Amino acid sequence: MANTVEIYTDGACKGNPGPGGWGALLRSGPHEKELFGGAPETTNNRMELTAVIRALQALKRRSRARVHTDSQYVQKGVTEWLAGWKARGWRTASRQPVRNLDLWQELEPLLAQHELSWHWVRGHSGHPENERADYLANLGVELVAPGSGNASG
């Protein structure tokens, strides 16, 4: 495999639920790609998951990637909870249905296609690439809710 791809993702929501956006920055060597989009009625966690899904879908071939997220929900979901949810028929440890099941089921096969490591980054702490992903996520909010201002996430 060639270079490791650095992936930075973020989600944002104006209200929770409310209009939301997602953003992703992919970097491999000197090459960068920025992605973003939004949904008119969503939650912050759905946008965090969507950012990771869209970033992994953008990889053209099997890749080694480091995924940086400020979402503990996404990071722990992938690294700690997902296997148990599947083993229990997509139920949590307390036997509740897994929230955002559609997105977890969309993400799960993408995880097997790549060699991924997961890194949590503190949000809004001046980390340049995380700030860029946050900016892109807010562009996504603007797509679906013009004039909504800066969203949280």
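Reader: Is His-114 buried or exposed?
Author: His-114 is buried, because its relative accessible area is 6%. Buried means under 20%, exposed over 50%, and partly exposed in between, with a 1.4 Å probe and protein chains only. This is a predicted model: local features need pLDDT of at least 70, side-chain atom pairs count only at pLDDT 80 or more, and totals for chains, interfaces and linings use all residues. Residues are numbered from 1 along each chain as its sequence is written, and side-chain values use heavy atoms, leaving out hydrogens and water.

Reader: Where does His-114 lie?
Author: In the loop between helix H3 (101-112) and strand S5 (115-120). Helices (H or I, at least four residues) and strands (E, at least two) are DSSP runs, numbered from the N terminus.

Reader: What does His-114 touch?
Author: Leaving out residues up to four places away in sequence, His-114 touches Leu-56, Leu-59, Arg-61, Arg-62 and Ser-63. Contact means heavy atoms within 4.5 Å. A polar atom of the His-114 side chain also lies 3.2 Å from the backbone nitrogen of Ser-63.

Reader: New topic. How many residues has helix H4?
Author: H4 has 17 residues, 128-144. From first C-alpha to last, H4 reaches 25 Å, close to the expected 24 Å. The expected span is 1.5 Å times one less than the number of residues.

Reader: Which H4 residues are buried?
Author: Among them are Leu-136, Ala-137 and Val-141. Their cover includes strands S1 (5-13), S2 (18-28) and S3 (31-42).

Reader: What about Leu-35, where is that found?
Author: In strand S3. Beyond its neighbours within four places in sequence, Leu-35 has contacts including Trp-22, Ala-58 and Leu-136.

Key: Polar contact = N/O pair within 3.5 Å; in protein donor to acceptor, adjacent residues only side chain to side chain.
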